[in-house]
Amino acid sequence: MRLDVISNAEVAKLKAELVDCSPKTVNNVLVVLNTVLKTALKWGVIEQMPGMIELLKVAPSTMKFYEPHEYERLVEAAAKVDHQHLVFILLGGEAGLRCGEIIALEQTEVDFTQGVIHIRPSEWEGHVTLPKGGRARQVNMTARLADALRKQRHLRSERILWQADGHPQVPQVLLNKWMSRH
């Protein structure tokens, strides 16, 4: 469809065709369309925006949090499996790292002197990128996490975690498997 013939009616029709998709998915499509139209306007391909593209209301996502006693049980269970599982749980639970940040975390990013972890890269499905939000950040370590990370130091790879076969990359699927064990 030509950009200059897109109207509010066409946008409504697109929304209707995406009725089986989640509101967030529909909004992602609408944002791309809006960006294309704004770029076309900027480049002089179209003379005016065809109308206002209104996004759908999306309910805020809810995260499941462990109660303190549940988290401690998870930490104990991870420690019984092995030290690497414990480090994984502590990085997520005490430092608040996301899975991709845990996967990409390198030993050089842990600053024991300052008591912080520098979160610079993130990995998702084999692609190393910036962390969510597009900016590096640093998080403070708890004493328990710092102790676990000191014990985790190794020469197998630059990364903190590794697979049983010595491969340095720990895929998301493996972390999910680890979590299901606890």
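Isoleucine 119 lies in strand β2 of this predicted model. The residue is buried, with a relative accessible area of 2%. Leaving aside residues up to four places away in sequence, isoleucine 119 touches Leu97, Glu101, Pro131, Ala136, Arg137, Gln138 and Val139.

The side chain of histidine 118 makes a polar contact with that of glutamine 138 at 3.4 Å. Beyond residues up to four places away in sequence, histidine 118 touches Leu105, Glu109, Asp111, Arg137 and Gln138.

Strand β2 belongs to an open sheet of three strands, ordered β1-β2-β5 and paired in the antiparallel sense. The edge strands, β1 (110–111) and β5 (137–140), each pair on one side only. Between β2 and β5, the antiparallel pairing extends over four bridges. Within this arrangement, isoleucine 117 has valine 139 of β5 as its bridge partner.

Side chains of opposite charge can pair when their charged atoms come close. The count of salt bridges in the model comes to eight. One of them joins glutamate 123 and arginine 159, whose closest N and O atoms are 2.7 Å apart. Glutamate 123 lies in strand β3 (residues 122–124), whereas arginine 159 lies in the loop between α6 (143–152) and α7 (172–181), so the pair ties together parts that are 36 residues apart in sequence. Both glutamate 123 and arginine 159 are buried.

A further salt bridge links the side chains of arginine 2 and aspartate 4, with an N to O distance of 2.8 Å. Here arginine 2 counts as exposed, at 57% relative accessibility, and aspartate 4 is partly exposed, with a relative accessible area of 46%.

In helix α6, lysine 151 and aspartate 147 lie four residues apart, about one turn of the helix. These two residues form a salt bridge in which the closest N and O atoms are 3.3 Å apart. Lysine 151 counts as exposed at 58% relative accessibility, while aspartate 147, at 37%, counts as partly exposed. Elsewhere, salt bridges that share partners join Glu72, Glu94 and Arg144 into one network.

Terms used
Residues are numbered from 1 along each chain as its sequence is written. This is a predicted model: local features need pLDDT of at least 70, side-chain atom pairs count only at pLDDT 80 or more; totals for chains, interfaces and linings use all residues. Side-chain values use heavy atoms; hydrogens and water are left out. A polar contact is a pair of N or O atoms within 3.5 Å; within protein, one must be able to donate a hydrogen and the other to accept it, and residues adjacent in sequence count only if both atoms are side-chain atoms. Contact means heavy atoms within 4.5 Å. Helices (H or I, at least four residues) and strands (E, at least two) are DSSP runs, numbered from the N terminus. Buried means under 20% relative accessible area, exposed over 50%, partly exposed in between (1.4 Å probe, protein chains only). Two strands pair if DSSP finds at least two bridges between them. A salt bridge is a side-chain nitrogen of Lys or Arg within 4 Å of a carboxyl oxygen of Asp or Glu.
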